[in-house]
Structures are given as C-alpha cells and as structure tokens.
2 protein chains.
Amino acid sequence: VQEVSPLRDQYHEELDAILASICQMANLVGAAMERATEALLAADLTLAEAVIDGDDDVDLVYRDVENRAFELLARQQPVASDLRCLITSLRMCSDIERMGDLALHVAKVARRRYPQRAIPDQLTDTVREMGRVAQQLAQKAGAVVDARDAARALELERDDDAMDALHRKLFEIILAPDWPGQIEEAIDITLCGRYYERFCDHAVSVARRVVYLVTGERQVPAATAAAG
Amino acid sequence: VQEVSPLRDQYHEELDAILASICQMANLVGAAMERATEALLAADLTLAEAVIDGDDDVDLVYRDVENRAFELLARQQPVASDLRCLITSLRMCSDIERMGDLALHVAKVARRRYPQRAIPDQLTDTVREMGRVAQQLAQKAGAVVDARDAARALELERDDDAMDALHRKLFEIILAPDWPGQIEEAIDITLCGRYYERFCDHAVSVARRVVYLVTGERQVPAATAAAG
C-alpha cells in the first residue's frame, strides 16, 4: 500500500466531495428537464414556473462547487493528474449549469404559450421520449462522475444517438406535407428540439471529461477527429 | 516602481501572450461568422465549405492556448489574482471555441440548402445585420481581452441589445400573417437566429470574464441577478 500524507488525503476527500456535488447537480438538472417536459406537454403553468424558479437552486450549487474547487486549487496547488482533475471538474460544472439553463428554456416555451400547448398532439410521444432520454443521460452523466467510471462514460456517446434519432423524427413530422401546424408551432418545436439536443450534448461532454479525468486521454468527437 | 522577480516577469509575459492568442481566436471566429453569413445569404457553397473547414484552425489555436495555459498553471503554480486570471482565460477560450462552432452551424445551414438560399428576400437585410453585429461583438470581445479593458467590456452588454432586437425582428417577419414562407424555411430561420444569438451571448460572456479578471467582481447577468 502506497503511503499518503494526511494533507493529500484531505485533498482527495475534498475532491471526492466536489465530484459528489457535481453528480447532485446532474440529478437536479435531469429532474428539471423531466418536469419542464411535463409542463410543456400539459401546458402546466405552475410546473413551468417551478422549473424556472428552481434554476436558481442549480446556480447556487454551481457557485458553491466552483468556489470549493477554486479554494482547493489555491490552497493545495495540485500538480499533474490532480490539477487536471480539478480543472476538469470545473468544466463539468459549467456543462451541467448550462444543462439547467436549457431545461429552463423548455419551461419558458411552456409558459410563453400558456394556456395553449406548444407541442401539438402528433408530437407528444416524440417530445415525451426526448424528455425521458434527456433525464436519463443527465442522471447517467452524474453517476459516471461520482464513480469516475470511464467505461460507462463511453456509453453516453451511443446513448445520445437515441436523442439524435428523436430530433430527426421531430423534423420529419413537421416537414411532412400533411402536417397541419402553423409557423408559430414550427418555431417552438425547432427551439425545443434544439434545447433537448444541446442538453444531451453537454451530458456527453461531461462523460468525455470523465474519460479524460480517469485515463488522461481526450475523447475527440468523431466530427472533429480529423482536426486533431 | 515595485520590484518583480524575473520569474514573475516571465509568468506575466506568457499570460499576456495567452491573452493575445485569445484575441486572435476572437478575430478568427468573428471573420468566420461574417463569411458564414455571406455564404448563407448568397447560397455560396464554396464559401460555406471554407468556413466549415476553417473551424479546424480555430480548434487548433484553442488546443494550443489551452495547453499553454495549462502548462503555465502547472509550472508556476500561481495564486490569488494570477490564478484567477489563468482560470478565467481558459474559460474565455471555451466561449470563443463555441462561437466558432456556431459560425460553422450557420455555414452548414447554407450548405444543406444549397443550391437554394435558406434565407428568403424579406429577411436578407435583417440577417446581414445580424452577421455584422456578431462579427463586431467578436472583434470587440477580443480587443477588450487583449487590452484588459473592463470599461469597454461593460459596453458589450448594451451592444448585444442590438442582436436581441434583430432576433425579435426575425420572428416578427416570419410570424406576420402575410409571410409566404414554408415550414422548412421557418425551421432554418429559427435555427440561424438561435446561432447568432448564442454567438453574441458568448461574446458577452467573454467580456464579463474580462471585467472579473480586472476587478475581481463577477458580473451577474441581469436575468439571474435575483439569484445572487
């Protein structure tokens, strides 16, 4: 067993606590997207406003985690893999804070269109599924952060394919010649589709950072692999 | 005159060089958005593909700046305001890299709709103006980073109001009862509008980070000020 100094032990305890808080943030934004989706599909104003107000809680956790990471960085002056880990955790926080904003944007679409529903009947199933996939990706991203599970983190790339397929389906439905919707509906559907897609992109980004954190290998997204 | 050690001098020289590279990145993505707008309005496939390929250059500068900041952090172990400055510069890089992605997205809309134009005549002036404002905001954000000019950085909040107004105008035009466009056009216009808006949001974010870097005061966005 390698001997470690009590100081280093304290460092790793604090780092673990930071990663646990990041996991908690991911669960918060996952739940927010789930509730935003409900608000959107049911035109539920009260629920939409609860999601909008609730984003302040995500931001508070964000500031707290950020401050703790910053203090740890300044106090312990980590190097090499410890430094990488702390910088990476700061970036995961930013990703998840942004996911909270995107859940808020979905809730705002619900609020703006109230008492009408922004999502017409033909799209209800697809959007409900988008909400479910988004919530699951957020939760899984949080779990892989907490467990530093690089193998499971790699799965999120494939999990995200489900969102891409749903996103394409959304457009197929509203571009079909028999779709009876108006321009206003097309705008809201396009924006919501983008919010769900970006939400999942950030979850994948968190997972990529976990792989980097554990292995030191940067996951280059397939689309830009040629650049590296 | 306060005496400084040669080591600290070297640190500040490298930091200045990093900020200069960030300014260069901002100019690159500003030019990319300008050219993407031209490609979009003229349905110019060659130009669209040049913008798409050019994003690799932005990513290369991004990786280079990131590596230099990371090495400086590990080697010099800065504390207090020096540490804050370096972490902040890493975040500015991420913002600007994302701006490059958004310029690329605009170019991809142009490519996807080629040989048709994605933007109909009635919207040409508004979108051209969005491209101009976006390019100017990127350039100004870069300039305030390079000069560490907090006073001018604060102006970007107001400059961004012009983009918000143009974004609203875009929706007003396509929601007017006499707009002859189809759903496909509404989708592309909505997506492009979102790309320009987010591009400018990131430029404002860079400017806010300059204020933080210079004054140590975090600029809380008006919309979430209540949360702070």
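Mentor: Gladly! Keep in mind that this is a predicted model. Let's start in chain B, where helix 2 (residues 45–76) and helix 3 (residues 80–113) pack at an angle of about 170°, their axes lying 9 Å apart.

Trainee: How are helix 2 and helix 3 of chain B oriented, roughly parallel or roughly antiparallel?

Mentor: Angles over 145 degrees count as roughly antiparallel, so helix 2 of chain B is roughly antiparallel to helix 3 of chain B. Their contact comprises 18 nonpolar, two polar and eight charged residues.

Trainee: At what angle do helix 5 and helix 6 of chain A pack?

Mentor: Helix 5 (residues 150–175) and helix 6 (residues 183–215) of chain A meet at about 170°, with 9 Å between their axes. These two helices of chain A are therefore roughly antiparallel. In their contact you will find 18 nonpolar, four polar and seven charged residues.

Trainee: Now the interface. How much area do chain A and chain B bury between them?

Mentor: Interface size is often given as the accessible area lost when the parts come together. Here chain A and chain B bury about 3100 Å², with 63% of it on carbon and sulfur atoms. Chain A brings 38 residues to the contact and chain B brings 39 residues.

Trainee: How many salt bridges are found across the interface of chain A and chain B?

Mentor: There are two. One salt bridge joins A:Arg91 to B:Glu66, whose closest N and O atoms are 2.7 Å apart. On the side of chain A that touches chain B, helix 2, helix 3, helix 5 and helix 6 each supply at least two residues. By class, that side of chain A has 20 nonpolar, seven polar and eleven charged residues.

Notes. Residues numbered from 1 in each chain as written. Chains lettered and ligands numbered in written order. Predicted model: local features only at pLDDT ≥ 70, side-chain atom pairs only at ≥ 80, totals over all residues. Heavy atoms only, no water. Axes fitted to C-alpha atoms, helices over the stretch in contact; angles between N-to-C directions. Helix = DSSP H or I, 4+ residues; strand = E, 2+ residues; numbered from the N terminus. Parallel < 35°, antiparallel > 145°, perpendicular 65-115°, else oblique. Nonpolar A, V, L, I, M, F, W, Y, C, P; charged D, E, K, R; others polar. Contact = heavy atoms within 4.5 Å. Buried area = accessible area lost by both parts, 1.4 Å probe. Salt bridge = Lys/Arg side-chain N within 4 Å of Asp/Glu carboxyl O.
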